[in-house]
Amino acid sequence: MPRYGKTFDMTSPVESSDLGRLELVEFPHPALLRRARPLVRIDDAIHDAVEQMFDIMYQAGGIGLAANQVGLPYRMFIVNLEARPDAGEELVFINPATSRPRGNAVQEEGCLSLPGLRMDVRRPERIVVTAWSLEGEPFEADLDGMLARVVQHEFDHLEGRLFTDRLPDAAAIEARRSLDTFREVFTGRQARGELPPTADLVARLDRLEAERCGNA
Ligand code: ZN
C-alpha cells in the first residue's frame, strides 16, 4: 500500500482556507510543473474541490483530471471514462501509487492543460494502482485498457510531468514548438493582468501545501 496517509485527519480546522472557485490551468502554470504532495487531511474543502473537479472535467469533455490541473498541489486525481455525469463510474484516487507495469501500448493522448495538442504516447499496458478514496478507505486495482492509460497520465501530472515528456525524439521536437506557443500565451496573459505573476501562483501553492500536506 502507499506509504502516506494511512490515517487521515478528516476534519476542517479553522486555519485551513476555503479553496474557492477552481479553474482549469494550462501549461506552464507552476502547479503543473512541480511534484504534488500527499494529502494528510481530507476536509470539507477537499470534498468540495472534488465536486468542482468533476464539473470542470465534464464541461471540458475530459475523462481524467489531476488536482494540479486546477491549481491544487495535492496528490489526487479523478477519472470517469464516460466523460459524463450520468454515465460511467466516478473514481477518486487520493495519494495513489502505481506498481507492476506490464506490456506496452501506443495510443494518442490529449490533455486539458495542453488544449489542442494530441500525440501518440507509449505506456505500459497494465499497472496496479493503490490509493485512498475520498472517504479515506484504501483500495487496490489491477488495470488495463483505457483505465490503465488514464491513471498513468493523471499519475504523471502528480509527478509534475506531462505526456509531452514521454515522446520519442522526433515527436518531442514537434511538441516543443507547441509548448513554446503555450508559454507565450501564458506570459501574455500575465502581462495583461489576466493571470497573477508566477511568484504569486507559487506562493498560493506553498500555502495550500502547508494547510493539508505533511512535512515529508
Ligand atoms: Zn493531462
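Colleague: Before we start, what counts as a helix or a strand here?

Modeller: Helices are DSSP runs of H or I with at least four residues, strands are runs of E with at least two, and both are numbered from the N terminus. Please keep in mind that this is a predicted model.

Colleague: Okay, so how many helices and strands does the protein have?

Modeller: The secondary structure comes to four helices and seven strands, and along the sequence these follow the pattern α-β-β-β-β-β-β-β-α-α-α. The radius of gyration is 17 Å, close to the 17 Å that the globule rule gives for 216 residues, so the protein is as compact as a globular protein of that length.

Colleague: And what share of the residues is buried?

Modeller: Of the 216 residues, 50% count as buried. Among the contacts with a separation of 6 or more, 70% are between residues 24 or more positions apart.

Colleague: Switching to the metal, which residues are the protein donors of the zinc ion?

Modeller: They are Cys 111, through SG, together with His 153 and His 157, each through NE2, and these donors lie 2.0 to 2.3 Å from the zinc ion. Their spacing in sequence is C-x41-H-x3-H.

Colleague: Where do the two histidines sit, His 153 and His 157?

Modeller: Both belong to helix α2, which covers residues 145-158, and because they are four residues apart there, about one helical turn separates them.

Colleague: Are those two buried or exposed?

Modeller: His 153 and His 157 are both buried.

Colleague: Now the backbone: which peptide bond is cis, with omega near 0°?

Modeller: That is the bond from Phe 27 to Pro 28, and Pro 28 lies in the segment before α1, the helix spanning 44-60. As background, most peptide bonds are trans, and most residues other than glycine have a negative phi.

Colleague: Then what about phi of Asn 95?

Modeller: Asn 95 has a positive phi, near 45°, although this residue is not a glycine. Asn 95 is part of strand β3, residues 91-102, and with a relative accessible area of 3% this asparagine is buried, because buried means under 20%. Arg 100, also not a glycine, has a positive phi of about 50°, and its place is in strand β3.

Colleague: Last one, how many positive and negative side chains are there?

Modeller: There are 26 positive and 36 negative side chains, and the centres of the two sets lie 6 Å apart. As for the accessible surface, the total is about 10,800 Å², with 49% belonging to carbon and sulfur atoms.

Definitions and conventions
Residues numbered from 1 in each chain as written. Predicted model: local features only at pLDDT ≥ 70, side-chain atom pairs only at ≥ 80, totals over all residues. Heavy atoms only, no water. Rg over C-alpha atoms; globule rule 2.2 N^0.38 Å. Buried < 20%, exposed > 50% of the residue type's maximum accessible area, 1.4 Å probe, protein only. Contact = heavy atoms within 4.5 Å. Areas by Shrake-Rupley, 256 points an atom, 1.4 Å probe, with all protein chains shown as cover. Lys, Arg positive; Asp, Glu negative; His and termini not counted. Charge placed at Lys NZ, Arg CZ, Asp CG, Glu CD. Donors = N, O, S within 2.8 Å, 3.2 Å for Na, K, Ca; no water.
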